[in-house]
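Here are my notes for someone opening this structure for the first time. Keep the 3D view at hand and go through the points in order.

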Amino acid sequence: MRTIPFFAVLVLVMGFQGSSKASDSCCDTLSPPVTAEMRGHEERAILRAVEGYAEGFIREDMRLLLDLWDYRAPEGVSYVAAELDQPLSGAEELRAYYQSFLDTLIVHGGEVTNPRIFLKGDMAYVFCQFNWVYRVRAGGQVLEQPTRATFVLRKRGGRWLYQHFHESISFHYEAPSAPGLVGTVVQ
């Protein structure tokens, strides 16, 4: 029965949003002003952290995969894998998930493309695509799987670490071209 507390928090947050003036900054932090040079350096570090995910699978390096996460975050860490119905949370669930992958698949590549990085002080949001190239260990052909990914990272101890990661399958969609289909409600 976590619905009531969540709803109460949602109402409280929505109420506070209306209490600021339009001229107030929404995201003031105590961080020093970020220069273009600093921003470029931070964005490269963030991208390296995102690329570390594929690197961990390619190298079959459990420690690398687990060290990408910020376990000291008071709100915990969470990962929503494309193939799972529920998010994983905490180091033990991540370890078990990663081990099942390492036992089952050989990852040949995981190129990161189209990264969009939003930097807010010591927090960053990243949207990107991965193009996974892998095969099943028991044999089989090499497969490619494009995925979309969203990361939330926090800078801690000079490193950008994951707090949340959501991955979903990418596929090509062509919108219907028939004029009668656009805006139609199906009942």
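1. Start with Glu42, which counts as buried because its relative accessibility is 14%, and buried means under 20%. Bear in mind that this is a predicted model. What does the side chain of Glu42 meet in a salt bridge? The partner is the side chain of Lys155, at 2.6 Å from N to O. Lys155 itself is partly exposed, with a relative accessible area of 29%.

2. Next, have a look at Glu60 and Arg137, whose side chains also meet in a salt bridge, again given as 2.6 Å, N to O. Glu60 is in the loop between H2 and H3, and Arg137 is in the loop between E4 and E5, so this pair ties together parts that are 77 residues apart in sequence. How accessible is Glu60, buried, exposed or partly exposed? Glu60 is partly exposed, at 39% relative accessible area. Arg137 is partly exposed as well, at 32%.

3. A further pair to click on is Arg154 and Glu75, where the side chains form a salt bridge of 3.7 Å, N to O. Here too, distant parts of the chain are linked: Arg154 belongs to strand E5, while Glu75 lies in the loop between H3 and strand E1 (78-80), and 79 residues separate them. Glu75 is exposed, with 51% relative accessible area, because the cut-off for exposed is over 50%. If you run a search over the whole structure, eight salt bridges turn up.

4. While you're at the loop between E4 and E5, find Ala138, which has its place there. Is Ala138 buried or exposed? Ala138 is exposed, with a relative accessible area of 82%.

5. Now step back to the whole chain. There are four helices and six strands. Read from the N terminus, their order is α-α-α-β-β-α-β-β-β-β. Of the 187 residues in the chain, 29% are buried. If you take the contacts with a separation of 6 or more, 55% of them come from residues 24 or more positions apart.

6. On to the inside. The largest nonpolar core has 37 residues, and those touching the most other members are Tyr53, Trp69, Tyr79, Tyr98, Phe130 and Phe151. Two or more residues each come from helix H2 (36-59), helix H3 (62-66), helix H4 (90-104), strand E3 (105-120), strand E4 (123-136), strand E5 (143-156) and strand E6 (159-169). Which element gives the most to this core? That's H2, with seven residues.

7. Tyr53 deserves a click of its own. Leaving out neighbours within four places in sequence, Tyr53 is in contact with Leu65, Leu68, Tyr79, Tyr97, Tyr98, Phe130, Trp132, Tyr162 and Phe165. Two of these, Tyr79 and Tyr98, were named above among the core members that touch the most others.

8. Then the pockets. The largest one has a volume of about 280 Å³. Its lining is made of 15 residues, and Glu83, Phe101, Trp132, Gln145 and Thr147 lie nearest its centre. H2, H4, E3, E4, E5 and E6 each supply at least two residues of that lining. By class, the lining of the largest pocket has 11 nonpolar, two polar and two charged residues.

9. Last, the second largest pocket, with a volume of about 190 Å³. Its lining includes Ala45, Arg48, Glu55, Asp67, Arg159 and Trp160. The elements giving two or more residues to this lining are H2 and E6, and H2 gives the most, with five. How do the lining residues of the second largest pocket divide by class? There are five nonpolar, two polar and four charged residues.

Notes:
Residues numbered from 1 in each chain as written. Predicted model: local features only at pLDDT ≥ 70, side-chain atom pairs only at ≥ 80, totals over all residues. Heavy atoms only, no water. Core = buried A, V, L, I, M, F, W, Y, C linked by side-chain atoms within 4.5 Å. Buried < 20%, exposed > 50% of the residue type's maximum accessible area, 1.4 Å probe, protein only. Contact = heavy atoms within 4.5 Å. Salt bridge = Lys/Arg side-chain N within 4 Å of Asp/Glu carboxyl O. 1 Å grid on protein atoms, 1.4 Å probe; cavity = no way out; pocket = protein on both sides within 12 Å on 5 of 7 lines; lining within 4 Å. Points joined across faces, edges and corners; volume = space filled by probe spheres on them. Nonpolar A, V, L, I, M, F, W, Y, C, P; charged D, E, K, R; others polar.
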